[in-house]
There are 2 protein chains.
Amino acid sequence: MALHPVLIAGHWQAAHAAGSFFAENPATGTPLTEEYPTSAWDDCDAVLTAAAAAASQLRALPVEKYAEFLDAYATRLEARASELVALAHAETGLPVSPRLASVELPRTTGQLRLAAAAAREGSWALPTIDSKINLRSVLEPVGPVLVFGPNNFPFAYNGVAGGDFAAAIAAGNPVIAKAHPNHPGTSRLLAEEALAAILETGLPPATVQMLYNIASADGLRLVADRRLGAVGFTGSRSGGLRLKAAADAAGKPIYLELSSLNPVVILPGALAERGPKIVEEFTTSCLMASGQFCTNPGLVLLMAGEATESFVGAVAAKFTAAPVNPLLSAGVAKGLQTSLATLRSAGAELIAGGEAVSQPGYRFANTLLVVRGEEFLAAPEQLQTEAFGNASLFVIIRDPAQLVEVLEQLEGNLTGGVYSDTKGSDDELYEAIAPQLRRRVGRLINDKMPTGVAVSPAMNHGGPFPATGHPGFTAVGIPASLRRFAMLACYDNVRPARLPASLRDQNPNGKMWRLLDGQWSQADLAC
Amino acid sequence: MALHPVLIAGHWQAAHAAGSFFAENPATGTPLTEEYPTSAWDDCDAVLTAAAAAASQLRALPVEKYAEFLDAYATRLEARASELVALAHAETGLPVSPRLASVELPRTTGQLRLAAAAAREGSWALPTIDSKINLRSVLEPVGPVLVFGPNNFPFAYNGVAGGDFAAAIAAGNPVIAKAHPNHPGTSRLLAEEALAAILETGLPPATVQMLYNIASADGLRLVADRRLGAVGFTGSRSGGLRLKAAADAAGKPIYLELSSLNPVVILPGALAERGPKIVEEFTTSCLMASGQFCTNPGLVLLMAGEATESFVGAVAAKFTAAPVNPLLSAGVAKGLQTSLATLRSAGAELIAGGEAVSQPGYRFANTLLVVRGEEFLAAPEQLQTEAFGNASLFVIIRDPAQLVEVLEQLEGNLTGGVYSDTKGSDDELYEAIAPQLRRRVGRLINDKMPTGVAVSPAMNHGGPFPATGHPGFTAVGIPASLRRFAMLACYDNVRPARLPASLRDQNPNGKMWRLLDGQWSQADLAC
């Protein structure tokens, strides 16, 4: 069968292929039949040139056009939902329902529509006017955005449909999507609908382009290219850091989501008050989708004692009894194996799972490890190795002072949670540890597990390095996520007719919030 | 005479000195008498440890305390104005009046007070509440901020008193200032007042620390240290890029202001309409303070023709007739010489100045160069070499198409300006070039020179790389400049008493703008 074409400048065209690959069904381990190209640099060069031209064209269009496209795309994805879900299931092993059909696809179309609404309304760009000196500024499109999607969300983080995509388009930028090679077919269906929506709404054809795979060296070259505006990346720490170094050296903004253990501290009062409930919550959170979430609870801190022993035992029993679901790929299974070996070599003791399971496809026994606080403090770096998948490490802490010491050793994480009792017996300890945890995580959580990431204006799906590349930005949540793909554009003494609509005296839609002489307002500028 | 001590953890203490230096009076070329230390790593280590502790203490204080300190500091600087101005004059050669006494010092105290007001009011941090799911987020202090001040603003950009300093403190962070070795005495006086204001208002003593000088290698180590939160840098491109690489590799946010030519396009209609006025405006802007501004007009694009020839001749005559003022240092004079050699070797022709002037101190003849558009396009990189000082390069453009070509070759700049006539004859050309210029500059200007940088909420003193390290941030302008020194902190299901004041249901001061369920509001959250 011929290689699938790639989407360049509005056309599906034969790739300049440096190689090819097949996806695999990870639930069965069998290769799928469609063959996809690994693009050579010629394709990268072509998408960059087309995207740069599209960027100029997009800037000249009213924001309503970006919004129309995003809405039309969402509607098209819904119309093709069953085909999308079936293929994503085949390529990822993730359950059709509820996960793909009822959670992830609706989340994806919801994000596209929220981004459309944000583009229409325009407040995301923080338009600011100083009328006394006729100085005005607003966030404007940064230029073509290259989006690398991860393996674990075939829709909601897909380079050609997910959160980074929606944010980049809503901010007025063309997107070059680098699909994840684990789900090329899903990405192809998405890109087909994106192109159809482009044609339907009259956007520049190169507003959305997609390559299935590229060589690492071409990735480094792409992110540094002067035709590119910015980069969004969700994936492994090692791959992300290589791209970051290349982008940084070229002065190119790159937003990365790299890795996170999402520490959860369970305080003694909470354990005494509702231990069995927390066992349930933790088990559900850690094993859902085989734990393959950026916000999986991979590290749990517990105070030594009988209640903790019984908690650990109960979780281990649950882990052993729970079904073993497929991992996303052979690579994930191998990575999990390697990470567990690192953790064990640093002193972590296996109390459940620990081995691949001889079932079809790629599966790994639900795995639990335990280590004492002293051991953690002796090898904090090794013991913060992310074991991406259905695994978690429990650290048994001697006393409150040691808990603070352990927290002080934590790297930057996306989330950090604390369970405490409702009667106040944990409050003193909470007060002692919350400041430590706060500055090491993007989202501080009380009394629940970290897995869920609501698409809300108040969400922070971000955090200090190395969870992400910059602690000031979130990848999820509109309007803030749009601001990543923008540059600050100031207009000094610029004549009224030459100003962008958002900065003219008249509010362009009566709804846009603008900072007028120091106060947020939806009004026109009083002359 | 003994080495001056450094300011560490609230005490002036003897430096661990790796060397020492004297400042010089650049107007006379004579060394000043005070001897200052170049600190060894031990001092860097000490300020980092003290700053990390101070960061924790500051977070626990109400924002009112930061504001009190900034206000008290401003008042103290005013009380010591004449001594400050006299010493800054001796160390920089900048005029006492109006520059230092009537412009720069008032600007500096004004910035401190604006930052204080922003800290009190709190809207800078974009507090955001989603009441339906009890998710809340706000920008919080990022941790100790290291500020490298430049040579050209002894007050307004000083690491221990300038815009980065004010923004970092107002955002709740301790500052480690690396003074510029050209004006150590000025920095010492400022730091003395900062310490006095700290003691007066009860902030942690290590809220402000200062070293006079450090080795380059220690600078690289400092910016990567895990105790540090972020870095602000204003200075040369070469030094800044080295620091950026070190900070980037450590995942540390660094905000740099590096270099800028500030291209000015003077369209034919404007020249015909008000050529002599533009000659005056340009000459004043380019020669003020010997051109030693980040926003000096270093590149002027003109359409070939008689009017341009006469414009160039008039400017050359003005440059030759104008007095020659001192440069900031021997280093600036040498850098200017080197840059001019680069420009000339790439084809630029000298039509005024070009040599050091044999007067006392470091002075360089007011210098003008001219190059044709074809030559510029043949060596665009070399011909964008910044000649920091009283010099500018005129590019004579053949036709509109070449003007666009030249603009497309421009690197990122802080500003870009266009002069056009008021009758509309330049409008077509303006429309053709504005999009090209817009995306290459942080601030797009009409009909005036770029030198002035108002401290306004709408200011962007920033721009695309390599003018700065990130196109989304401004170094000048409150509240936006504060957001550089912050991390996004989200609170998910966190109990009410544990929330920061800015995120509780009740608006903490009745004035803070918060994004409540999608709308900006100063109200309490309705329960």
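The following questions and answers concern a predicted model.

Me: How many helices and strands are there in chain A, and what is its radius of gyration?
Reply: Chain A holds 14 helices and 21 strands. For its 527 residues the globule rule gives 24 Å, and the computed value is close to that, so chain A is as compact as a globular protein of that length. The radius of gyration of chain A is 24 Å.

Me: What share of the residues in chain A is buried?
Reply: The C-alpha atoms of chain A fill a box of roughly 75 × 65 × 40 Å along the principal axes. A residue counts as buried if 20 or more other C-beta atoms lie within 10 Å of its own. Of the 527 residues in chain A, the buried share is 58%.

Me: Among contacts in chain A between residues at least 6 apart in sequence, what percentage join residues at least 24 apart?
Reply: Two residues are in contact if their C-beta atoms lie within 7 Å. Among the contacts in chain A that span at least 6 positions in sequence, the part joining residues at least 24 apart is 74%.

Me: How far apart do the C-alpha centres of domain 1 and domain 2 of chain A lie?
Reply: The domain assignment of chain A gives domain 1 as 62-258 + 468-527 and domain 2 as 264-446. The C-alpha centres of these two domains of chain A are separated by 33 Å.

Me: Which element of chain B gives the most to the side that touches chain A?
Reply: The contact between the chains takes 57 residues from chain B and 57 residues from chain A. Elements giving two or more residues to the side of chain B include helix 1 (41-59), helix 14 (427-438) and strand 18 (441-446) of chain B. By class, that side has 30 nonpolar, 15 polar and 12 charged residues. The element that gives the most, with seven residues, is strand 19 of chain B.

Me: Which helix lies between strand 15 and strand 16 of chain B in a right-handed β-α-β unit?
Reply: Strand 15 (residues 367-372) of chain B is mostly covered, with five of its six residues buried. Six bridges pair strand 15 with strand 16 (residues 391-397) of chain B in the parallel sense, and B:Leu368 has B:Ser392 as its bridge partner. The right-handed unit is made by these two strands of chain B together with helix 12 (residues 373-378) of chain B.

Me: What is the bridge partner of B:Glu349 in strand 15 of chain B?
Reply: Strand 14 (residues 349-352) of chain B runs antiparallel to strand 15 of chain B, with three bridges joining them. In strand 15 of chain B, the partner of B:Glu349 is B:Val370.

Me: Is B:Asp42 buried, exposed or partly exposed?
Reply: B:Asp42 lies in helix 1 of chain B. B:Asp42 is 27 residues from B:Ala15 in sequence and 8.7 Å from it in space, C-alpha to C-alpha. Because B:Asp42 has 14 other C-beta atoms within 10 Å, B:Asp42 is partly exposed.

Note on methods. Residues numbered from 1 in each chain as written. Chains lettered and ligands numbered in written order. Predicted model: local features only at pLDDT ≥ 70, side-chain atom pairs only at ≥ 80, totals over all residues. Helix = DSSP H or I, 4+ residues; strand = E, 2+ residues; numbered from the N terminus. Nonpolar A, V, L, I, M, F, W, Y, C, P; charged D, E, K, R; others polar. Buried ≥ 20, exposed ≤ 12 C-beta atoms within 10 Å, placed from the backbone. Pairing = 2+ DSSP bridges. Right-handed = clockwise from strand over helix to strand, strands pointing away. Domains from an automatic or database assignment. Rg over C-alpha atoms; globule rule 2.2 N^0.38 Å.
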